[in-house]
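Student: I have not seen this structure before. Could we go through it in questions and answers?

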Amino acid sequence: MIDERLNLPFFCQCDTQIAKDAELVELLGQASCAEMFVGVESFSRKTLKAANKFHNHPESYADIIRLCNEAGIRPHFSNIIGFPDDDEAEIQHHVDMLKTLHPKVASFYILTPIPGTDQYDHFRKTGQITETNLDRFDTTCSTWSHPTLSRERLEELLYRCYVNYYSF
C-alpha cells in the first residue's frame with residue numbers, strides 16, 4: 001500500500017500489544033490507516049486478569065495514543081463496563097481515566113458473555129445468564145445478572161459513559 005501509493009484510508013483493529021511496535025504503527029500511518037480500534041477494556045489490572053486479558057497493561061495506553069497521534073492515526077479506545085467487580089464508582093473512574101488520556105474516539109460496551117465462549121458457559125452454569133433472545137447479545141443490553149448493578153442501571157450507565165466522555 002505504501003509502495004503503490006494507494007492512499008486508500010482504512011481502519012484497523014489491534015490489541016494493546018501495539019504499544020510495543022512503534023515501527024508497525026508508523027508503517028500503518030504511512031499506508032493511510034485512518035483509525036486504530038484498540039480493545040483497552042478496563043484500567044483495572046485485577047479486572048483484566050480476571051477476564052484473561054493478561055496482555056492489556058493500562059500503563060501502555062498513553063503510549064498507544066502517542067504513537068497513533070505521531071503517525072496521523074485516530075486512536076479509538078474500546079471500553080467494557082459491567083465486569084463482575086465493577087460498581088458505579090469504578091465505571092466513573094474508568095471514564096475519568098479515559099478523559100486524562102483523551103483518545104479521539106471512545107466506544108463503550110456492556111460486558112456480554114457470548115454464547116460459545118468459556119465465559120458464557122461459566123455464567124450459564126452459575127445461573128447468571130438472564131437473556132435467551134440472542135438478538136439482545138449486542139453489547140448494549142445486559143444479558144446476565146450483575147452482582148451489584150441492575151440490568152436497567154447498567155444500560156443507563158452505558159449511555160452515561162458516552163455523555164460523560166464526549167461532553168468534557
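Predicted model: local features only at pLDDT ≥ 70, side-chain atom pairs only at ≥ 80, totals over all residues.

Tutor: Residues are numbered from 1 along each chain as its sequence is written, and side-chain values use heavy atoms, with hydrogens and water left out.

Student: Why is strand 2 largely enclosed by the rest of the structure?

Tutor: Strands are DSSP runs of E with at least two residues, and helices are runs of H or I with at least four, numbered from the N terminus. Buried means under 20% relative accessible area (1.4 Å probe, protein chains only). Strand 2 covers residues 33-41, and it is largely enclosed because the buried residues number eight of the nine.

Student: What is the bridge partner of Ile80 in strand 4?

Tutor: Strand 3, with seven of its eight residues buried, pairs with strand 4 (residues 105-110) in the parallel sense over six bridges. Within strand 4, Ile80 has as its partner Tyr109.

Student: How much space lies in the largest cavity?

Tutor: A cavity is a set of points on a 1 Å grid over the protein atoms alone where a 1.4 Å probe fits but cannot get out. Points are joined across faces, edges and corners, and the volume is the space filled by probe spheres set on them. There is one cavity of 30 Å³ or more, and the space in the largest is about 40 Å³.

Student: Which element gives the most to the lining of the largest cavity?

Tutor: Lining residues have an atom within 4 Å of a point; among them are Ser42, Ile80 and His94. Two or more residues come from each of strand 3 (74-81) and helix 4 (88-101). The most, three residues, come from helix 4.

Student: With which side chain does the side chain of Gln128 make a polar contact?

Tutor: Gln128 lies in the loop between helix 5 (118-125) and helix 6 (151-166). A polar contact is a pair of N or O atoms within 3.5 Å; within protein, one must be able to donate a hydrogen and the other to accept it, and residues adjacent in sequence count only if both atoms are side-chain atoms. At 2.7 Å, the partner of the Gln128 side chain is that of Thr126.

Definitions and conventions
1 Å grid on protein atoms, 1.4 Å probe; cavity = no way out; pocket = protein on both sides within 12 Å on 5 of 7 lines; lining within 4 Å. Buried < 20%, exposed > 50% of the residue type's maximum accessible area, 1.4 Å probe, protein only. Pairing = 2+ DSSP bridges.
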